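Let us walk through this structure step by step. Keep the sequence and the coordinates open side by side.

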Amino acid sequence: MSNVAVIDYGMGNLHSVAKALEHASPDTNVLVTADHEQILNADRVVLPGVGAIRDCVGEIQRLGLDHIVKNVVDSGKPLLGVCVGMQVLMTFSAENEGTQCLDIFSGQVDYFGDNLTDPASGDRLKIPHMGWNQVTQSREHPMWDNIDQDARFYFVHSYYVKPEDEAITAATSNYGFRFTTAIDQDNVFAVQFHPEKSQHDGLQLYKNFLNWNGKS
Amino acid sequence: MGLAKRIIPCLDVDNGRVVKGVQFVDIRDAGDPVEVARRYDEQGADEITFLDITASSDDRETMVHVVEEVAGQVFIPLTVGGGIRKVEDIRRMLNAGADKVAINTAAVFNPEFVREASEKFGAQCIVVAIDAKKVSDEGEPLRWEIFTHGGRKPTGIDAIEWAQKMVDYGAGEILLTSMDRDGTKIGFDLDLTRAISDAVTVPVIASGGVGNLDHLSEGVTKGHADAVLAASIFHFGEYSIAEAKQNMADHGIEVRV
C-alpha cells in the first residue's frame, strides 16, 4: 500500500484535501502530518495551504518543514503544491508587505490589483478570483490524464504566481489577463486551484498524482 | 472565456435535518443533508450553502457532524451560516470541512469579529451575510438598511456603507439577501443587488425572491451578482440546477456545465 503525506503546518482545513485523496484512491494511506520522518518516508507528498502567506511561510519555517520540502524536491519523489502551497514554492510574494518564500522556483507572487477589468467587456473584475475557471493545459503531462483541455476548476485567491522561467508553466487561466495556474518541473507539480473542491476533475487530478512516478 | 457565474443551492438545516421539505422524486431520505447535498452536487451545483437554523446552541454540535459527513463525500465548496458568533465556531466548522462561514448578526453587533476572523482564517473563508430592506419612500432616492432578527429589527445602518465597511474589515464575499423579497418568488431586488455589487470589490451572492429561472439570470445580467443563491425553486423539484445553468447560458452568461 502506497502512502501520501499531507503536510500539516496548522494552516487551514486539511480535512478536505485528505478526504479527496482517500476518495480518489481508497488503496492509498493518507497521513496528515508535520512529522519529518513520516514526510520523508512517504511515497508522495502534498503541500496544501490557505490563508495569509506570511503565516504559512512562518509556520513552515518554525516547524523546520522548509528543509523537509527542499529535501522532498531533491529526492525525486512526487510533490504536489496546492493553492498557497504553490505560492510558497516561489522566491517571493508581494502579500503581507512582502514575504520571502521557499525559493524552489524563481519567480514572484503578485496581487491581481484593485482595478482589474475584463478587456473584452470592460467589466470590473472582483477580487478574490473566486469560483470555477477554465484551466488551459500548456502541454501534455501525466497529471492531466483524463482531464479535458479547458476543464473548470475551483479557485479562490487574490495573488497569482509569475514564474521567471515560463517553461515551468503547466497551465494558464484567464482573469483580466492570462496567468499561470499550474507549474511543473521534474518531480514537482503545483496548482493554484483547489482540486479537493473541483468535483470530478479535481478528484481525477489527485488520482493522477497518486499514480504519478514523478517524471514528466 | 473565464470565470463562471455560480449557482448555489441553500439548505436550511434544523438539528441535523434539512427542513422546508426538499422534494426530490427519487431520493430516499429528503431530510438527510448528505443525500440532498450529493444530489445537488450531481446536478452541477457550483457550491452548497447550509444555513443552520437550530434554535438551541446545545444542538450546534450536530451541524459539525453534518458538515463532516458532507465534506467527506461532496467535493465542491461548502459554506455554513447560522450561529457563527465566535472564532471558535469558525474554527470548528472549517476543521469539519467547511470552506467558508457566513457571519450575519454577529457582524452587526460586533464588526471587529469580522476583522478578527479574517485575520485569523483569511478573507477567502469569511462571507458576511447582509439582510437588507428598502427604507426609502416612493419617489425618494433608493436606500436600504440592515435588518436583524429575520428582517424584523431595523438597525439604522445603510446597506451600501455597511457592505463596504465589511469588505474593509476583511469579508471575502458578501451574501446579500433582500428581506423585502425573501420568500416572495417575484425575483431579486435587482436595484439593491446592483447597488451593493457595484459598490464593493469582492464577489456578491444575490439571495431572496427567486421564483423562476429568469430571476436567476437577471441577478447576474441586471443585478451584477457574481453568484446566485436559491432554495425553494430547487428543493421542490420545480427546476434542476442544470436547467438553471442552461437558462443562464441562453442569456449569454458564462457557466460551468
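What follows goes from the contact between the chains to salt bridges, helices and backbone details.

This is a predicted model. Start where the two chains meet. Chain B puts 39 residues in contact with 29 residues of chain A. The area buried between chain B and chain A is about 2700 Å². Carbon and sulfur atoms give 53% of that area.

Three salt bridges are counted between chain B and chain A. D226(B) forms a salt bridge with K126(A), with the closest N and O atoms 3.0 Å apart.

Stay with D226(B). Its side chain also meets that of K5(B) in a salt bridge, at 3.7 Å from N to O. D226(B) sits in the loop between α8 (213-221) and β11 (227-230) of chain B, while K5(B) belongs to the segment before β1 (6-14), so the pair ties together parts that are 221 residues apart in sequence. Are these two residues buried or exposed? D226(B) has a relative accessible area of 12%, under the 20% cut-off, so D226(B) counts as buried. K5(B) is partly exposed, at 25% relative accessibility.

E173(B) is buried, with a relative accessible area of 1%. R6(B) is buried too, with a relative accessible area of 1%. The pair belongs to a network of salt bridges that links R6(B), E47(B), K100(B) and E173(B).

Another salt bridge connects two helices. R92(B) pairs with E61(B), and the closest N and O atoms are 2.3 Å apart. R92(B) is in helix α3 (residues 87-96) of chain B and E61(B) in helix α2 (residues 60-71) of chain B, so the pair ties together parts that are 31 residues apart in sequence. R92(B) is partly exposed, with a relative accessible area of 28%. E61(B) is partly exposed as well, at 36%.

Follow helix α3(B) to its other residues. Which of them are buried? They are V87(B), D89(B), I90(B), M93(B), L94(B) and A96(B). In chain B, these buried residues pack against α2, β4 (78-81), β5 (100-103), α5 (112-121) and β6 (126-134). They also pack against α1 (15-24) of chain A. Next after α3(B) comes G97(B), with a positive phi near 125°.

Move on to another helix pair in chain B. The axes of α6 (residues 159-168) and α7 (residues 190-199) of chain B come within 9 Å. They cross at roughly 35°. The crossing of α6(B) and α7(B) is right-handed. On α6(B), the contact is made by A159(B), I160(B), A163(B) and Q164(B). On α7(B), it is made by A195(B), I196(B) and A199(B). By class, six of the contact residues are nonpolar, one is polar and none is charged.

Finish with the backbone of chain A. A cis peptide bond joins I127(A) and P128(A), with omega about 5°. P128(A) is in the loop between β7 (107-111) and β8 (129-137) of chain A.

Two residues of other loops deserve a look. C83(A) has a positive phi near 55°, in a residue other than glycine. C83(A) is found in the loop between β4 (79-82) and α5 (84-87) of chain A. N146(A), also not glycine, has a positive phi near 60°. N146(A) lies in the loop between β8 and β9 (151-157) of chain A. Is each residue buried or exposed? C83(A) is buried, with a relative accessible area of 3%, whereas N146(A) is exposed, at 67%.

Methods: Residues numbered from 1 in each chain as written. Chains lettered and ligands numbered in written order. Predicted model: local features only at pLDDT ≥ 70, side-chain atom pairs only at ≥ 80, totals over all residues. Heavy atoms only, no water. Axes fitted to C-alpha atoms, helices over the stretch in contact; angles between N-to-C directions. Helix = DSSP H or I, 4+ residues; strand = E, 2+ residues; numbered from the N terminus. Left-handed = near helix turned anticlockwise from the far one by under 90°. Contact = heavy atoms within 4.5 Å. Nonpolar A, V, L, I, M, F, W, Y, C, P; charged D, E, K, R; others polar. Salt bridge = Lys/Arg side-chain N within 4 Å of Asp/Glu carboxyl O. Buried < 20%, exposed > 50% of the residue type's maximum accessible area, 1.4 Å probe, protein only. Buried area = accessible area lost by both parts, 1.4 Å probe.
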